[in-house]
Amino acid sequence: MVKKGKFIFVIGAVISVMILGYMSVSYADKKPTVVVVLKVADSEYWKIMKTGIEKGFEDFGINGKIMEPSDATPKKQMELLSKIYKEKPDVIITAPYSSSVGPTLETLTDIPILLIDTDLTIKNKTAYIGTDNDDLGQKAGAFLASQLQPGDKVAIIGGDISFSVFKERIDGATIALQNAGIEVAYTKTGVSDDPKAIKKVVSRVLRDHPDINGVVTSHDTIALPVIKEFEKQGLLIPVIGPDGLTEMLKLIADETLPGTIAQNPYDMGYLSIETAMKVIQGDNVEPFVDSGVDIIIKENAQQRLNFYEKLVK
C-alpha cells in the first residue's frame with residue numbers, strides 16, 4: 001500500500017516531468033524571428049532580393065517578415081525601425097535609406113543589427129552583407145576600359161553621392177579608368193532616375209563631348225535611359241550600369257552591349273538570412289559578408305536572365 005505522502009510526491013514528480021517535457025517541446029518548436037526592413041518594394045532589384053530572403057526564411061526555419069516604409073524616405077524608415085524594435089525580434093536586418101538613418105539604428109542596442117545592400121559606420125552593427133561598391137566601381141571602370149583605347153574619352157553619370165553606394169562606385173570607376181589611360185571628360189552626379197533629367201544630361205554630354213567613347217553610371221536606372229538616348233541618336237556607345245537588371249541582360253544577350261558588371265541581389269538576400277541564423281546560434285560572423293559581383297557578357301547573360309525572369313514574373 002502506498003502511503004499518502006509518497007503518493008503525493010510521485011504525482012508531483014510526474015506533473016513536473018510533464019511540464020518540463022512540454023516546455024522543452026515548446027522551446028524546440030519556437031522559430032527564431034527576423035525582420036527585414038528594405039528601402040522600397042516595387043523595383044526589380046528589391047524584388048529579386050526579397051526572393052533570396054524568403055528562400056533563406058524557408059531553408060533556415062525562420063519566422064521572418066519583410067517590410068518597407070510607407071514612403072521611400074529616411075524619416076519613414078526610421079519610424080518603421082523604431083516600431084519593429086519594440087516587437088523585440090531576434091535580429092533586425094535593414095537596407096538603410098541613407099546615412100541619416102544611422103542615429104536611429106544606434107538606439108537599437110540590445111538586438112543584433114545586420115545591414116544589407118548599404119553599409120553605414122554605426123557602433124552596434126553586427127555585420128554588413130552586400131557588395132564592396134568601391135571594388136564594383138573599379139571593375140566597371142576596368143571593364144569599360146577593356147572595350148576602349150588609351151586616350152579615349154568617357155563620361156561618368158551618377159546619382160546622389162550623399163548615398164555612399166553611389167559615391168564609392170563613382171570613385172572606384174574613376175580610379176580604374178584613369179589607371180587605364182582613359183580620359184574622364186565629363187562627370188555629373190546628383191542625377192535623378194527621371195528619364196527627362198537623364199535626357200538633358202546626355203544632350204549636354206553629346207554637345208560638349210561629341211567624341212565620347214563610353215559611359216559609366218552609378219546604377220542601371222540611369223544606364224538604361226542613357227542607352228535609349230544614344231540609340232535615338234544612332235550611336236552604339238558602351239554603357240556600364242552595375243546592377244545587372246533584366247533589361248540590361250537582354251541588351252547584352254542580343255549584343256547591343258558588350259557586357260556589364262552585376263551585383264547579386266538574390267545572393268545578398270539569402271546570405272543576410274544565413275548570417276542572421278549564425279548570430280542567433282551564437283556563431284562568430286565576419287563583419288563584411290561579400291555577396292560578390294559578376295562580369296556579364298553574351299556567354300552568360302541568358303542564363304542569368306532566365307533565372308531572374310523566374311523570380312520576378
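Strand β6 (residues 153-157) and β7 pair in the parallel sense over 5 bridges. Two strands count as paired if DSSP finds at least two bridges between them. This is a predicted model: local features need pLDDT of at least 70, side-chain atom pairs count only at pLDDT 80 or more, and totals for chains, interfaces and linings use all residues. Residues are numbered from 1 along each chain as its sequence is written, and side-chain values use heavy atoms, with hydrogens and water left out.

**Overall shape**

- The protein has 11 helices and 12 strands. Helices (H or I, at least four residues) and strands (E, at least two) are DSSP runs, numbered from the N terminus.
- The radius of gyration is 25 Å, well over the 20 Å that the globule rule gives for 313 residues, so the protein is more spread out than a compact globule. That radius is taken over C-alpha atoms, and the globule rule is 2.2 Å times the number of residues to the power 0.38.
- Along the principal axes, the C-alpha atoms fill a box of roughly 105 × 40 × 35 Å.

**The sheet of 4 strands**

- Strands of a sheet pair through backbone hydrogen bonds, either parallel or antiparallel.
- This open sheet runs in the order β7-β6-β8-β9, with parallel pairing.
- Its edge strands are β7 (183-188) and β9 (239-240), each pairing on one side only.
- I157 has K188 in β7 as its bridge partner.
- Helix α6 packs on this sheet and touches β6, β7 and β8 (214-217). The direction of α6 makes about 175° with that of β6. Axes are lines fitted to C-alpha atoms, for helices over the stretch in contact, and angles run from 0 to 180 degrees between N-to-C directions.

**The sheet of 6 strands**

- A second open sheet has the order β2-β1-β3-β4-β5-β11, again with parallel pairing.
- β2 (63-67) and β11 (288-290) are the edge strands, and each pairs on one side only.
- Neighbouring strands here are turned by 20° against each other on average, direction ignored.
- Strand β1 (residues 33-37) runs parallel to strand β3 (residues 91-94), and 4 bridges join them. V37 has T94 in β3 as its bridge partner.
- Helix α2 (residues 44-60) packs on the sheet, touching β1, β2 and β4 (113-116). Its direction makes about 165° with that of β2.

**Helices α5 and α6**

- Two packed helices are described by the angle between their axes and the distance between the axes.
- The axes of α5 (residues 133-146) and α6 (residues 164-179) come within 6 Å and cross at roughly 40°.
- The two helices are therefore oblique to each other. Angles under 35 degrees count as roughly parallel, over 145 as roughly antiparallel, 65 to 115 as roughly perpendicular and the rest as oblique.
- α5 passes α6 in a right-handed crossing. A crossing is right-handed if the near helix is turned clockwise from the far one by less than a right angle, and left-handed if anticlockwise.
- Residues in contact include L136, G137 and L144 in α5, and V165, A173 and L177 in α6. Contact means heavy atoms within 4.5 Å.
- The residues of this contact divide into 8 nonpolar, 5 polar and 4 charged. Ala, Val, Leu, Ile, Met, Phe, Trp, Tyr, Cys and Pro count as nonpolar, Asp, Glu, Lys and Arg as charged, and the others, Gly among them, as polar.

**Helix α11 and its partners**

- α2 and α11 (residues 298-312) pack at about 85°, with their axes 9 Å apart. That makes α2 roughly perpendicular to α11.
- E44, K47, I48 and T51 in α2 meet Y308, L311 and V312 in α11. This contact holds 4 nonpolar, 1 polar and 2 charged residues.
- α9 (residues 246-253) and α11 pack at about 145°, with their axes 8 Å apart. Their crossing is left-handed.
- Among the residues that meet are L249 and I252 in α9, and L305 and Y308 in α11. The residues of the α9 contact with α11 divide into 6 nonpolar, 2 polar and 4 charged.
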